[in-house]
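Let's take a quick tour of this protein model. Have a look at the sequence and the structure first, then read on.

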Amino acid sequence: RFILKIRVLTYKRLLKNGNLGLPEEVTLRLFTYNELKRATNGFKEELGRGSFGAVCKGGLNKGKKLVAVKRLEKLVEEGEREFRAEMRAIGRTHHRNLVRLLGFCAEGTKRLLVYEFMSNGSLADLLYGAIWRPDWNERLRIALDVARGILYLHEECEAPIIHCDIKPQNILMDDCWNAKISDFGLAKFLMPDQTRTFTGARGTRGYVAPEWHKNIPISVKADVYSYGIVLLEIVCCRKNIDVNASTAEEIVLSSWAFRCYAARELYKLVIGEEVDMMSLEKMVKVGLWCIQEEPALRPSMRSVILMLEGITEVPV
């Protein structure tokens, strides 16, 4: 009995420290609500807001390790679903282009998720609000980072994960300007041998694939569509829909990009920039393939990477 007591105490201590003898990548630390309240100075510094609540900046180990703490505030049932979705999606994943989940708090009705801190904001900040645009090679590198993160979700996890909300606001930049996908609250999980699923509409207007609005099954190709829109935004450093565009035909980026491609006037997309025109044409063509109305016509993320890297030709 004495030995059993010691074992239970040891286990409790390990649980408290979030270390169950597993490698750090797969061990999620369990936090108390008060720990996270202290770490964030009473949830004082808000980094942003998602559909389910606020994300605040915090510090662990006496402020030495910066983290982002996401509080789920929406209706209890919906918040619980989002909490479980994120835990399932990234509690078991580990990839350099996915934001890493470090731990969680599930105390009473309180649900919080603790992520690695991403010091350089989101891709949206970089593309839309920055004084300087990332140069052309940097943009191609970011496009490949995002593509590799999505490929991992689609093909390299034990069962496919459809993210369902790929957009620049959900792509965060780390200290070295590597792009990492975040916010898995709307993710949809398939069975290991499943390719399609029926589900209610989810995602963000402007990035949502047409099949969400038709009563047909959803596949990983829904993420490919969203990626295509993001890729065109990376090319042009602007939002997909810009009501303040200089001409009416420029308002919807995807239509404008197609017109410029068809008219052989791609330079209009990057006026005033030093850009490799062959690389520009390749990125625009890949973007246009990704946003085909018919999901079967869209390439897989593996094909997208091979085309962007120049290993395979982009079909015309």
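Where is the place of Asp165? Asp165 sits in the loop between strand S7 (161-162) and strand S8 (171-173), with strands being DSSP runs of E of at least two residues, numbered from the N terminus. Keep in mind that this is a predicted model, where local features need pLDDT of at least 70 and side-chain atom pairs count only at pLDDT 80 or more, while totals for chains, interfaces and linings use all residues. Residues are numbered from 1 along each chain as its sequence is written, and side-chain values use heavy atoms, leaving out hydrogens and water.

**Around Asp165**
- Asp165 is buried, at a relative accessible area of 9% (buried means under 20%, with a 1.4 Å probe and protein chains only).
- Leaving aside residues up to four places away in sequence, Asp165 touches Asn170, Leu186, Gly203 and Thr204 (contact means heavy atoms within 4.5 Å).

**Two nonpolar cores**
- A nonpolar core is a set of buried Ala, Val, Leu, Ile, Met, Phe, Trp, Tyr and Cys residues joined through side-chain atoms within 4.5 Å.
- The largest one has 65 residues, and Leu123, Tyr227, Met283, Val284 and Leu308 have the most contacts inside it.
- Leu123 touches Ile142, Pro168, Ile171, Met173, Val230 and Ile234, again not counting residues up to four places away in sequence.
- There's also a second, separate core of 13 residues, with Cys56, Val67, Val69 and Val114 among them.
- In soluble globular proteins, nonpolar side chains tend to be buried together.

Terms used: Buried < 20%, exposed > 50% of the residue type's maximum accessible area, 1.4 Å probe, protein only. Helix = DSSP H or I, 4+ residues; strand = E, 2+ residues; numbered from the N terminus.
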